[in-house]
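I opened this notebook to keep track of what I look up. The entries follow the order of my looking.

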Amino acid sequence: MKEPFLSAIPVLKRLEDAGYEAYFVGGSVRDYLLNKTISDVDIATSATPEEVKEIFPKTVDIGIEHGTVLVLVNQQSYEITTFRTEGEYQDYRRPKEVSFIRNLNEDLQRRDFTMNAIAMDRDGTLIDPFNGQLAIRENVIRTVGSANNRFQEDALRMMRAVRFVSQLSFSIEEETRHALAELVPLLQNIAVERKRAEFEKLLVGKNCNKAIEILLETNIFSFLPGLADQKKLIEKLVDFDCDGLTKKEMWSLLLFCLSVKGKAIETFLRDWRLPMKEIKDIQQILFFVEKRLEQEWSVYDLYSAGSDTITSTEKLYNKINGLNGSESLQYWLNLYQKLPIKQLSSLAVTGSDLMEWFNQQGGPWVKETLLKIEQAVINETVENDKKTIKEWLKRCQKLE
Ligand code: ATP
Ligand code: MG
């Protein structure tokens, strides 16, 4: 075994010492078998959430109704989920209520795909009742049990299948694919937030182009906000080399392909329930991408954009023009680094200085003058030095 499992072994041991069963499960075991970097280790146990909380002094209830408790051990946090079945499914959605059980196999059985239904104990022994290892060897995504039933229980699993195509470059096994082709309309019952989580993982996956192709072939895209009836435009995304792009850059590229501009960007992303901060960042990136396609960066634009937006804009500019290499990005970032100031607060003068110098009360003129000074400092018309700026301002006034 290797990290991060090794550090988590004491967590399993403590549960076992208290008389419960405990295993590593889910994505971490799958990624371990695939020799991929493991993000978080998920732990499943026969102990109920209350019992887990009795064993570990530091816990956070993060999804207690689904049986998940976050446990803090040696500055690390682990999600511990009680073995459960999902009982009755309603309206093709994940059930509201779950029942806790003491049996591992039943817990593995409620999981979506065979590759995600493997458990590993603390000695590294695998418990794999549904042949998940075979699926991993064959690079296939296959539901645990009848694909028809599993997709009807929770339609989100269809999107999960496609996001795993993107992340793992696996293909969807035939029966699973058939069921998916038939049941896609059930996705209309699924909350946007859940769809977004899968869609964002899909966007940043290595095999994103193929996954987008599948979204189009299977008609899943028709059940995603803002994408219905946009097949022709979404197809443009399939031809892009999306390697190395971040989540925000992928959203920006998607919106660029869809020719969504101005106010419509916010509407589109709000429909996907993106947080406002991310919406603002994406709007800014798209604003500068459009500008960049018309002209080179001005120093003032570099200043207004800041290094993160310059980076995203330039990466997208290169992708859109089919250019590779990061020389242009380095060039513009260097220029940005050399700017005399990076933000208004670094200006050597403040509003109160201005009021004192001109012996005038505050008002819109203060902000206007500061912006004028800011521009002049950025363009290196005047040095960012209090005395120099004062003299420059007086000179400007005389000319007016
Ligand atoms: P990632 O590495 O992206 O986190 P993951 O496989 O861990 O992938 P999660 O969404 O974190 O995916 O879910 C953890 C595990 O919970 C899955 O491996 C799977 O066993 C189970 N699971 C998650 N969502 C569902 C679902 N909708 N239906 C059935 N099982 C699910
Ligand atoms: Mg996970």
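Is Ile141 buried or exposed? I found Ile141 buried, because its relative accessibility is 0%. Buried means under 20% relative accessible area, exposed over 50%, and partly exposed in between, with a 1.4 Å probe and protein chains only.

**Ground rules.** I am reading a predicted model, where local features need pLDDT of at least 70, side-chain atom pairs count only at pLDDT 80 or more, and totals for chains, interfaces and linings use all residues. Residues are numbered from 1 along each chain as its sequence is written, chains are lettered from A and ligands numbered from 1 in the order in which they are written, and side-chain values use heavy atoms, with hydrogens and water left out.

**Ile141.** I placed Ile141 in strand 10, residues 140–141. Helices (H or I, at least four residues) and strands (E, at least two) are DSSP runs, numbered from the N terminus. Next I listed the contacts of Ile141, leaving out residues up to four places away in sequence. Contact means heavy atoms within 4.5 Å. Ile141 touches Phe113, Met115, Ala161, Phe164, Val165, Phe170, Ser171, Ile172, Glu173 and Thr176. I also checked Val162: it is 21 residues from Ile141 along the chain, and their C-alpha atoms are separated by 9.1 Å.

**Arg292.** Which residues does Arg292 touch, not counting those up to four places away in sequence? I noted Trp297, Thr313, Glu314, Tyr317 and Trp332. Arg292 is found in helix 14. This arginine counts as buried because its relative accessible area is 7%.

**Ile62.** I moved on to strand 3, residues 59–63, where Ile62 lies. Ile62 has a relative accessible area of 45%, so it is partly exposed. Beyond its neighbours within four places in sequence, Ile62 is in contact with Thr68, Val69, Leu70 and Glu79. From Ile62 to Glu79 I read 17 residues in sequence and 8.7 Å in space, C-alpha to C-alpha.

**Patches.** Ile62 came up again here. With Val60 and Leu72, Ile62 makes a nonpolar surface patch of about 220 Å². Patches are made of residues with over 30% relative accessible area and no salt bridge; like charges are joined within 9 Å, and nonpolar side chains (Val, Leu, Ile, Met, Phe, Trp, Tyr) within 5 Å. The areas come from the Shrake-Rupley method with a 1.4 Å probe, and for residues only the protein chains shown count as cover.

I then looked at a patch of positive charge on the surface, where Lys390, Lys394, Arg395 and Lys398 gather. Lys and Arg count as positive and Asp and Glu as negative, while His and the chain ends are not counted. The place of a charge is taken as NZ of Lys, CZ of Arg, CG of Asp or CD of Glu. Lys398 sits in helix 19, residues 386–399. Lys398 counts as exposed because its relative accessibility is 73%.

**Salt bridges.** How many salt bridges does the structure hold? I have 29 on my page. A salt bridge is a side-chain nitrogen of Lys or Arg within 4 Å of a carboxyl oxygen of Asp or Glu.

I looked up Lys13 and Asp17, whose closest N and O atoms are 3.0 Å apart in a salt bridge. Lys13 and Asp17 are separated by about one helical turn because they are four residues apart in helix 1, residues 5–17. Lys13 is partly exposed at 36% relative accessibility, and Asp17 is exposed at 55%.

I turned to Arg30 and Asp31, whose side chains meet in a salt bridge at 3.1 Å, N to O. Arg30 is buried at 6% relative accessibility. Asp31 is buried too, with a relative accessible area of 11%.

Arg273 forms a salt bridge with Glu193, and the closest N and O atoms are 3.6 Å apart. This pair links distant parts of the chain, 80 residues apart: Arg273 is in the loop between helix 13 (263–271) and helix 14 (276–294), and Glu193 is in helix 9 (residues 192–203). Arg273 is partly exposed at 42% relative accessibility, and Glu193 is partly exposed at 41%. I also recorded one network, in which salt bridges that share partners join Asp112, Arg160, Arg163 and Glu198.

**Backbone.** Arg273 has phi near 60°, a positive value in a residue other than glycine. Asn219 also has a positive phi, near 75°. I found Asn219 in the loop between helix 10 (208–217) and helix 11 (231–238). Last, I checked the peptide bond from Glu3 to Pro4, which is cis, with omega near 0°. Pro4 is in the segment before helix 1.
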